[in-house]
Amino acid sequence: MKEIETRIIDIDVQEIRQKLVNLNVVKVKQENQINNIYDFSDKRLLSNKGYARIRTVSDELTNSTIHYITTKKLISQEKYKVMDEHESEIKDEVAARGIFESLGLSLVQSIKKYRESYRYKNTLIEIDINEKEFCPFPYIEIEGDDEDEILEVITLLGYTIEDTTSETIYEILKSKNKEFGL
């Protein structure tokens, strides 16, 4: 599956929520996530802007817990970030971990975040608030499969394409650290 997405960083969460209420969009997710990122010891996946992941989702809307196994690989980073993504819901997180480890992958990072997702037509608008140690600022991801609709959402939220970035979260954090001399 091809995923097209862009980010707007350093958002005012309450302002975005109010804009989404005004647009009458439907909240489709309200969840806490644990994203366990796996790679080989030489970091070849992350070095090539990809990764393997096991995600545990505690869904506050349905009061349920779901696990996913995912691989992602960056295809393009021009106007939008385009990823080749393969994801499946799994029943057994421990078995998934065993599969990754038997392939030679090991846990590189565990990232916790809160996510709210809203659907506008066929596009998702996701407010992400990560643990401060990983990412100290909230952002939104806008993702779908229609570039025109993504641009429509950007505009409806009061932004322009110039306000967005196709950078990965790791690239954003790296440039932010340079900005602050860290």
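Predicted model: local features only at pLDDT ≥ 70, side-chain atom pairs only at ≥ 80, totals over all residues.
Is serine 166 buried or exposed? Serine 166 comes out at 11% relative accessibility, so I put it down as buried, the cut-off being under 20%.

**Entry: around serine 166**

I located serine 166 in the loop between α4 (147–156) and α5 (169–179). Next I looked up what its side chain reaches. I found the backbone oxygen of glutamine 77 at 3.0 Å from the side chain of serine 166. The backbone oxygen of glutamate 78 is 3.4 Å from a polar atom of that side chain. I then listed the contacts of serine 166, skipping neighbours within four places in sequence, and got Gln77, Glu78, Lys79, Tyr80 and Lys81.

**Entry: isoleucine 161**

I stayed in the loop between α4 and α5, where isoleucine 161 also has its place. I noted isoleucine 161 as partly exposed, because its relative accessibility is 25%. Which residues does isoleucine 161 touch, not counting those up to four places away in sequence? My list reads Lys79, Tyr80, Leu151 and Ile154. I also checked isoleucine 161 against glutamate 78: they sit 83 residues apart in sequence, and their C-alpha atoms are 12 Å apart in space.

**Entry: helix α1**

I moved on to α1, which runs over residues 13–22. Val13, Ile16 and Leu20 are its buried residues. They share one side of α1, because they cover an arc of only 65 degrees around the axis. I reminded myself that an α-helix has 3.6 residues a turn, so residues three or four places apart point the same way. On the other side of α1 I found Gln14, Val21 and Asn22 exposed. What do the buried residues of α1 pack against? I traced them to β6 (106–120), β7 (123–130) and β8 (139–144).

At its start, a side-chain oxygen of aspartate 12 comes to within 3.1 Å of the backbone nitrogen of glutamine 14. After α1 comes asparagine 24, and I noted its positive phi, near 55 degrees.

**Entry: the largest pocket**

I counted 46 lining residues, and Glu3, Tyr51, Arg53, Arg55 and Lys72 are the ones nearest the centre. Which strand gives the most to this lining? I have strand β3 (residues 50–59) down for six residues. By class, I logged 22 charged, 14 nonpolar and 10 polar residues in the lining.

Technical notes. Residues numbered from 1 in each chain as written. Heavy atoms only, no water. 1 Å grid on protein atoms, 1.4 Å probe; cavity = no way out; pocket = protein on both sides within 12 Å on 5 of 7 lines; lining within 4 Å. Helix = DSSP H or I, 4+ residues; strand = E, 2+ residues; numbered from the N terminus. Nonpolar A, V, L, I, M, F, W, Y, C, P; charged D, E, K, R; others polar. Buried < 20%, exposed > 50% of the residue type's maximum accessible area, 1.4 Å probe, protein only. Arc of directions from axis to C-beta. Contact = heavy atoms within 4.5 Å. Polar contact = N/O pair within 3.5 Å; in protein donor to acceptor, adjacent residues only side chain to side chain.
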